[in-house]
Amino acid sequence: MEYWFFTEAAYPELPPESTYESVRVKLPSRLLDPEVAANWWDEYLAEWQAAAELGFNLMVNEHHGTATCMNATVPLTAAILTRITGQGRILILGNPIANRRDPVRVAEEMAMLDVLSRGRLEVGFVRGVPYEISATNSKPVGMSERMWEAHDLIKLAWTSHDGPVNWQGKHFEHRQINIWPRPYQQPHPPIWVTTLSQSGARPVGERGYVVGTFLTGIENTRKVFEGYREGWSRTRDGEVPSDRLAYAGLVYVGESDEEGMAGAEKLTWYITSNKSSPQFMDPPGYRPVEARMAAVRGMLPTGLKGLSLEQLIDRGVLFAGSAETVAAQIRRFCDEVGEFGHFLVMGQSGHMHKDETIASLTRLAHEVRPLLKEQLPLGRAL
Amino acid sequence: MSTAIANVKTVSYLGSPLAVESWEIGSADPPMLVLHGGNGFDPEARFVQDLARSRRVIGVSHPGWGESQRPEWLDTVSDLAHFYLELLESENLDDVTVLGHSTGGWIAAEMAVWRPQRIGRLVLVDPVGIRVGGPADRDIVDIFAISREERIKLGFHDPSLAGPPLAEMDDEKLRRQLQADEMMALYYWEPYMCNPKLRRRLAAIQTPCQLIWGRHDGVAPLDYGRAYAESLGHARLHVVEEAAHCPQIERPEEFCRIVEAFIAETSAPR
C-alpha cells in the first residue's frame with residue numbers, strides 16, 4: 001500500500017463560530033492576517049517536505065473562498081513541491097475542472113508540472129464540493145457532464161503532438177490547441193478521479209483510472225469500490241488491481257493511545273469548523289432532485305459533525321492511537337472494505353503545528369508501516 | 001371558480017415531439033398567455049382565476065418545469081422565448097396578451113423583440129432580464145446566495161402569502177419546487193438573470209406594454225423597474241403599494257384592475 005500525506009492548509013485562527021454565518025464563501029477576508037497566513041504556509045510546506053523525506057508520497061488539493069483551505073491553486077503548491085522535495089509522487093487531487101473555464105490551461109499547467117518534476121506527477125480531476133459553486137461562479141447544473149468533457153479535452157491536449165487540434169464541444173470551445181511543454185510521462189500522467197458514491201465510481205472504473213474517496217467510512221467506501229468494480233468489468237477483464245483504489249482518512253499516531261487521541265482531537269477541527277449556510281451546501285442541480293427531497297425529509301444520513309472520536313474510529317473515518325492501535329485500525333478497515341492500494345493520510349488539520357504533524361508521520365512511517373507489511377501488499381519501501 | 005386541470009399534451013417543436021404541461025382556464029378570445037416566474041405556474045392563483053372570467057388564460061410550465069419536458073439543448077431564456085413564439089404559431093393564437101412575471105417577463109420581452117406579430121400587448125410584472133448598473137453593482141439580488149427565508153423576505157411584503165416552507169409541502173409540491181430551483185440555476189445562472197443585450201433591444205418593441213411593479217420589491221427593486229420603463233420608452237409603469245416582487249399575488253384586485261383597463265384600452269372595439 002502506498003501512503004500519501006496531505007493537509008488542506010487551513011487558516012485556523014477563526015473568531016467564535018457564533019460570530020459568523022458561514023466559513024465558506026462569505027467569511028470576510030479581513031479576518032485573515034497575511035503575516036499569520038504566511039507563517040502557516042511555512043509550516044505546511046515543511047510538513048510536505050518532511051513527509052517526502054520519510055518516504056511518503058504527497059497530495060495537494062484546492063478550495064476557494066474558505067478559511068478551511070488556503071491552497072487556492074494546486075499547481076502553485078505542486079510546483080513548489082517539485083523543487084523542495086527529491087522523491088515521492090506528487091498527486092493533485094484535484095483539479096476542479098467542472099469549475100475551471102479553460103481546460104486547455106489546466107492541461108498545460110499539468111504538463112509543465114510533469115516536466116518540472118521529471119514525471120513524478122499524478123493528476124486528479126474532481127467535480128468539487130458544493131461550496132465551490134458560488135466561490136467559483138460555476139453553474140451547479142450539469143457539472144458531471146462538464147467535468148467529463150473537460151477531461152476529454154485535457155486528454156486530447158496532452159496527447160496531440162503534431163500541431164494544433166480543435167475542440168468545439170457543448171461546454172468548451174478552443175481552437176489551435178497545442179500545449180507546450182507536453183507531459184513528461186507518456187502518453188500522460190496517471191489520472192485519478194474522486195467520488196463519494198457508487199454511481200459516481202462507475203465511470204471512473206470504466207476508464208480504469210484511480211478512484212479516490214474521502215472520509216466515507218467503511219460502509220460507503222465499500223459501495224464506492226463496488227461501483228468502481230462494476231464500471232471496470234464493463235470495459236475490462238479480470239480483477240481490479242488494488243492500486244486503482246484509494247481511501248482518505250484522518251490519521252494521528254501518538255507515543256501512546258492517549259497521545260494519539262489528543263492529536264485526533266486536533267484533527268477533527270476539519271469536521272467541526274465547517275459551518276456553512278444551507279444555500280452553499282446544497283445548490284440546486286448539484287445533486288438530483290430526489291436526493292434534495294430526501295434531505296428536506298431528513299432521510300439522508302447526517303454528516304460527521306457531532307460524532308465522538310470513538311464513533312469516528314468505529315466508522316473508519318479516523319485512525320488514531322499508538323502505532324499498534326492505528327495498525328490494527330487500518331488492518332480492520334482493509335478487512336472490511338477489501339484491499340486498496342493507496343491510503344491518503346490527512347495528517348494535519350486546524351491548529352496542529354508541524355512538530356506534532358511530523359512526529360505522527362514519523363511513527364506512521366517507522367512503526368505502523370512495519371506492523372502492516374505482512375498483512376498488506378507491499379508498496380514502495382517507506 | 002373555473003376548473004384548472006393540467007393537461008400534458010405532446011406538441012411538435014422544431015419537428016420533434018415534446019410533452020408540455022399546460023392549463024386552459026376560461027374561454028373567450030383574444031387569449032392571454034401567462035409566463036410564470038422561477039417558481040412555476042399556479043392555476044389556482046386568484047389573479048389567474050379573475051382574469052379568466054373574461055378570456056381564455058393559457059398557462060404553460062416552461063420546458064423543464066413541472067411535467068414539461070426539456071430537450072437537452074434547451075438552456076437559455078432565448079430558447080424559451082423561441083419555444084413560446086413557435087407555440088403561438090402552432091396554436092394559431094392572435095392578438096395575445098402575454099403576461100410575464102419576473103423571469104417570465106424577461107421571456108415575454110425577448111419574444112416581443114424578435115417576433116411581435118401575434119402579440120397584442122405585453123404585461124410585464126416585476127420583470128428581470130436587463131442589466132442596469134455597472135460591473136460591481138448587483139441589480140438583482142443573488143437568489144442563489146441567500147437562504148429561502150431571506151428570499152421570501154425580499155420577495156414578499158407580507159411573507160405569510162409566500163406559501164408553505166419546503167418541509168410542509170407534500171411530495172408532489174416539493175418535487176416541483178426543487179425541480180423549479182434546478183431549472184432556475186440552469187437557465188438564469190450566467191449571465192445572471194439577464195441578457196446583457198436586452199436593454200438596448202427593448203427600444204425596438206412597438207407592442208403596447210404595461211409594467212407593474214411592487215413598491216417593496218427586494219429582488220428587483222423599483223429603481224430597476226424605472227430603468228426598465230425608460231428603456232422600453234412607451235411603457236407605462238404602475239406601482240403597487242404594499243407589494244414586493246409578486247404584486248399579482250399580494251394585491252390581486254388592484255393588479256387585475258390595472259390589467260383589465262390596459263387590455264380594454266389596447267383592444268380594438270368589437
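## Contact between chains A and B

In this predicted model, 15 residues of chain A are in contact with 17 residues of chain B. Two elements of chain A, α10 (278-281) and α11 (289-296), each give two or more residues to the side that touches chain B. The most comes from α11(A), with four residues. Sorted by class, this side of chain A has eight nonpolar, five polar and two charged residues.

## Helix α13 of chain A

Helix α13 of chain A (residues 323-337) has 15 residues. From its first C-alpha to its last, α13(A) reaches 21 Å, close to the 21 Å expected at 1.5 Å a residue. The buried residues of α13(A) are A:Ala323, A:Val326, A:Ala327, A:Gln329, A:Ile330, A:Phe333, A:Cys334 and A:Val337. They lie on the same side of α13(A) because they cover an arc of only 160 degrees around the axis.

The packing partners of these buried residues in chain A are the helices α7 (217-235), α8 (257-267), α12 and α14 (354-372), together with the strands β9 (245-253) and β10 (318-321). After α13(A) comes A:Gly338, which has a positive phi, near 95 degrees.

## A:Arg315 in helix α12

A:Arg315 belongs to helix α12 of chain A, which spans residues 309-315. This residue is partly exposed, with 19 other C-beta atoms within 10 Å, because a buried residue would need 20 or more.

Leaving aside residues up to four places away in sequence, A:Arg315 touches A:Gly217 and A:Ile218. The C-alpha atoms of A:Arg315 and A:Gly217 are separated by 5.1 Å, although the two residues are 98 residues apart along the chain.

How values were computed: Residues are numbered from 1 along each chain as its sequence is written. Chains are lettered from A and ligands numbered from 1 in the order in which they are written. This is a predicted model: local features need pLDDT of at least 70, side-chain atom pairs count only at pLDDT 80 or more; totals for chains, interfaces and linings use all residues. Two residues are in contact if their C-beta atoms, placed from the backbone, lie within 7 Å. Ala, Val, Leu, Ile, Met, Phe, Trp, Tyr, Cys and Pro count as nonpolar, Asp, Glu, Lys and Arg as charged, and the others, Gly among them, as polar. A residue is buried if 20 or more other C-beta atoms lie within 10 Å of its own, exposed if 12 or fewer, and partly exposed in between; C-beta atoms are placed from the backbone. The expected span of a helix is 1.5 Å times one less than its number of residues. The arc is that of the directions from the helix axis to the C-beta atoms.
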